[in-house]
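Student: Before I look at the model, could you show me how to read aromatic pairs in a structure?

Tutor: Let us look at it together and take one feature at a time.

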Amino acid sequence: MQKSLLLLLLATAWLSKMYAQETPDDKRLLDSLLKNDEMLKLINKITTPKSFFRVNIGAGNNLFSDQNEYLESFQGNTPFIMTPSIEYNHKSGFGINATGYLYNQNNTTNFYQLTLSPTYSYKKGKVADIVASYTHYFEQDAYTSVASPVQDELYAGVLFKKPWLTPGLSSGYAWGSYREIVKIDTAVTLLGTRYNVHYIDSIYTRLQSFSISASVEHSFGFYNLLSVKDGMLITPRLLLSGGVNSYTISHTSGIQNFLAFTKLKLKRIRHFLSQENNSGKFELQSAGFDLDVNYTIGKFYLEPEAYMDYYLPETNDDRLTVIYNFNIGITF
């Protein structure tokens with residue numbers, strides 16, 4: 001607003017000089033605007049990008065990806081975890097984020113996973129904002145069921161600035177491997193005879209995933225709620241996601257036992273059976289709703305977020321997945 005005002009006054013003074021005789025008052029006004037350091041400092045403060053650090057701690061059931069909802073919907077477990085993180089963003093748009101995933105298992109609390117993510121964001125354009133990132137997952141235990149099934153992830157997204165309902169497009173590519181140990185203890189009846197089945201299957205799975213998501217959103221801003229330095233931004237968003245996943249599986253049990261029992265016990269990836277049956281084929285996977293609320297006062301902020309994902313293909317699992325996270329942090 002201040003920058004527009006200054007430009008308007010400068011243009012008015014220039015037009016006065018072009019079409020009318022310049023008066024001493026006009027000259028004094030123009031000189032005052034050009035020499036007013038405080039006004040120039042204010043405009044520069046508003047328009048100049050800044051570098052900043054951010055320290056954050058999150059709590060919720062989101063086990064891995066913070067940006068790619070397609071990967072988020074993979075998770076087959078929803079335990080409560082803590083996610084402390086530190087982030088640095090340079091005014092050029094480049095940044096880096098480090099996050100730890102803290103989980104209590106068997107009365108022991110440890111970091112089961114760490115991530116490091118360099119990022120780049122471009123928000124100077126008049127048409128759209130662009131963000132890109134690469135994330136590497138450092139697993140502490142290859143057999144931990146809550147760890148990410150992928151170790152590397154590329155992500156890019158575009159959010160257009162107009163119209164009122166702003167559309168967005170994003171894409172992700174992830175790859176990696178994970179291990180599971182499945183203990184089978186059951187009974188089956190064949191030809192009238194009952195058999196007890198006891199065995200342990202060790203499974204090694206290599207995974208590649210490519211996804212595309214389309215979204216629409218709008219942010220509602222509220223300012224000066226409790227003080228002159230606070231504000232709240234509420235952003236609901238609708239998403240439609242599709243992708244293609246490919247799996248390479250090796251295991252230690254016989255193929256009959258694996259097909260009959262082990263696959264039914266796999267819990268690392270949600271909707272694994274339907275995804276594995278369509279391995280290598282692009283399909284529309286889910287419709288989602290994301291609600292993000294950010295309240296900022298001074299340097300501090302609170303940010304609760306919830307994402308609901310409804311799985312579209314045929315599946316034996318519950319179609320609805322609810323992922324939530326609550327963040328609190330400081331920016332300086």
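Aromatic pairs and their surroundings

Tutor: This is a predicted model, and the structure holds 9 aromatic pairs. In one of them, Phe 53 and Tyr 88 lie 4.7 Å centre to centre with 45 degrees between the planes, an arrangement that is tilted. The pair links distant parts of the chain, since Phe 53 belongs to strand β1 (residues 52–60) and Tyr 88 to strand β2 (residues 81–89), 35 residues apart.

Student: Why is the pair of Tyr 247 and Phe 272 called edge-to-face?

Tutor: Planes over 60 degrees apart count as edge-to-face; the planes of Tyr 247 and Phe 272 are at 70 degrees, with ring centres 5.3 Å apart, so this pair falls in that class. Because Tyr 247 lies in strand β10 and Phe 272 in helix α6 (residues 272–277), the pair ties together parts that are 25 residues apart in sequence. Both Tyr 247 and Phe 272 are buried.

Student: Which residues do ring pairs link into a cluster?

Tutor: The cluster consists of Phe 53, Tyr 88 and Phe 332. A ring can also have a charge over its face: here Arg 54 lies over the face of Tyr 301, at 5.2 Å from the ring centre.

Technical notes:
Residues are numbered from 1 along each chain as its sequence is written. This is a predicted model: local features need pLDDT of at least 70, side-chain atom pairs count only at pLDDT 80 or more; totals for chains, interfaces and linings use all residues. Side-chain values use heavy atoms; hydrogens and water are left out. Rings of Phe, Tyr and Trp (its six-membered ring) pair if their centres lie within 6.5 Å; planes under 30 degrees apart count as stacked, over 60 as edge-to-face and the rest as tilted. Helices (H or I, at least four residues) and strands (E, at least two) are DSSP runs, numbered from the N terminus. Buried means under 20% relative accessible area, exposed over 50%, partly exposed in between (1.4 Å probe, protein chains only). A charge sits over a ring if NZ of Lys or CZ of Arg is within 6 Å of the ring centre and within 35 degrees of the ring normal.
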